[in-house]
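Please read the following note with the sequence and the model side by side.

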Amino acid sequence: MDRPYGSARLMIVSDLDSTMVDHDDPEDRSLLRFNSLWEAYYRHDSLLVFSTGRSPTSYKMLRSKKPLLTPDVAVMSVGTEIAYGEGLVVDDGWLECLNQNWDRDVVVEETAKFPELVPQSEIDQRPHKVSFYVKDNVPKLMEVLSERLEKRGLDVKIIYSSGIALDVLPRGAGKGQALAYLLKKFEVDGKLPINTLVCGDSGNDAELFSVPEVHGVMVSNAQEELLQWHAENMKNNRKIIRATERCAAGIIQAIGSFGLGPNVSPRDIRDFQKCKVEIVNPGYEVVKFYLFYERWRRAEVEKSEEHIENLKSKFYLLGTFVHPSGFERPIHQCIHALKSLHGDRQGKQFRVWVDRAVSAQIGSDTWLVKFEKWESSGEERQCCLTTVLISSKAEEPDDFIWLHVHQTWLDGFGVKHPDTWLF
């Protein structure tokens, strides 16, 4: 079930806070729009990289609160840690690179001599990152601190961002250097991405835009420090744009502006029966179905026999649904049960999204699709590992029939009332 080997069609490298994640959008609309777009059109042959200033602990806390997809690569702690996949497997080679001319104890000793530097929380302090809050006389402080650390034999980089955060890193660290390291690894393996899009909003993202040959988008809510850096260093680079949309919506906008691939999120399609898309694949089919499922239970689509009959046409009615709690139910019973649940989650911030959707063709017209199906309602979250067997219709090769659905609870994410969990 692994994705095809070879160069990624697109690699998106995005900051999290105020870029991929809009903290002023409590319903996460733009993030969910991006999620649907990525899982429908890109997950199977592209790479998603999150590049954040957050430590691994802080990053995991954000993922527990927001509907973030699982990235292929997580670059954390302002480019000082690189990890891969769901298990966050650490890149030890990158850590070895950062150890050159670096002594964390010396950094802590010297920074303690500056009373205006207020240490950030313990979870934000990392082996190759020492972090503070500071507001006044920052340029002069950075100059003096850099000189003192140089005299102690260290080669460091000091990054100031968001008008308050100051990080001391090894010279070879940073979001830009981490991306350059990844690109070099891909090149050595003969898998250099065909296109790379970097996305950011603050000063510690500036290095991303300096990496040669990348496309870049500064989201509309980008901070002045990044805009000023761009004006002074990159204003003639046509591959770097400022979006007119905030956060993840700005990333979607940039995909379209640069012609990097599909940029209409399935969430922006209100009627799938009337709107036909050019690219149809098993991932798109799964995303489309669960969007309808969400809208049905939120009463955002009309309760009509036409919708139910269309739903029945998507399923092999002699097929079976294996509930994550273990019992089996005929698919036609699930459709009947769903009919009675129209609007039961209306006004409850109910959302459904798909993560890690991958498919394998196992016959001339049959696919096995695996993904995580997530539901959230307010503060509650549930998730199950889902396997679907689907087949293309002989009369309409771009349309699919769902033959079998099998689900298993993800550890710690089961539901209290399994009778309301469908599909």
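1. The largest cavity has a volume of about 60 Å³. Here a cavity is a set of points, on a 1 Å grid over the protein atoms alone, where a 1.4 Å probe fits but cannot get out. Grid points are joined across faces, edges and corners, and a volume is the space filled by probe spheres set on the points. By this rule there is 1 cavity of 30 Å³ or more.

2. This is a predicted model, in which local features need pLDDT of at least 70 and side-chain atom pairs count only at pLDDT 80 or more, while totals for chains, interfaces and linings use all residues. Residues are numbered from 1 along each chain as its sequence is written, and side-chain values use heavy atoms, with hydrogens and water left out.

3. Which residues line the largest cavity? They are N35, S36, E39, V287, Y290, L291, V352, W353 and V354, where a lining residue has an atom within 4 Å of a point. The elements giving two or more residues to this lining are α1 (29–41), α10 (282–297) and β15 (350–361). Helices (H or I, at least four residues) and strands (E, at least two) are DSSP runs, numbered from the N terminus. By class, the lining of the largest cavity has 6 nonpolar, 2 polar and 1 charged residues. Ala, Val, Leu, Ile, Met, Phe, Trp, Tyr, Cys and Pro count as nonpolar, Asp, Glu, Lys and Arg as charged, and the others, Gly among them, as polar.

4. Helices α1 and α10 pack at an angle of about 145°, with their axes 6 Å apart. Axes are lines fitted to C-alpha atoms, for helices over the stretch in contact, and angles run from 0 to 180 degrees between N-to-C directions. In this contact (heavy atoms within 4.5 Å), S36, E39, A40 and Y41 of α1 meet G283, Y284, V287 and L291 of α10. The residues of this contact divide into 5 nonpolar, 2 polar and 1 charged.

5. The axes of α11 (residues 305–313) and α12 (residues 331–340) come within 11 Å and cross at roughly 155°. Helix α11 is therefore roughly antiparallel to α12, a term for angles over 145 degrees. On the α11 side, E305, I308, L311 and K312 take part, and they meet I335, L338 and K339 in α12. This contact of α11 with α12 has 4 nonpolar, no polar and 3 charged residues.

How values were computed. 1 Å grid on protein atoms, 1.4 Å probe; cavity = no way out; pocket = protein on both sides within 12 Å on 5 of 7 lines; lining within 4 Å. Parallel < 35°, antiparallel > 145°, perpendicular 65-115°, else oblique.
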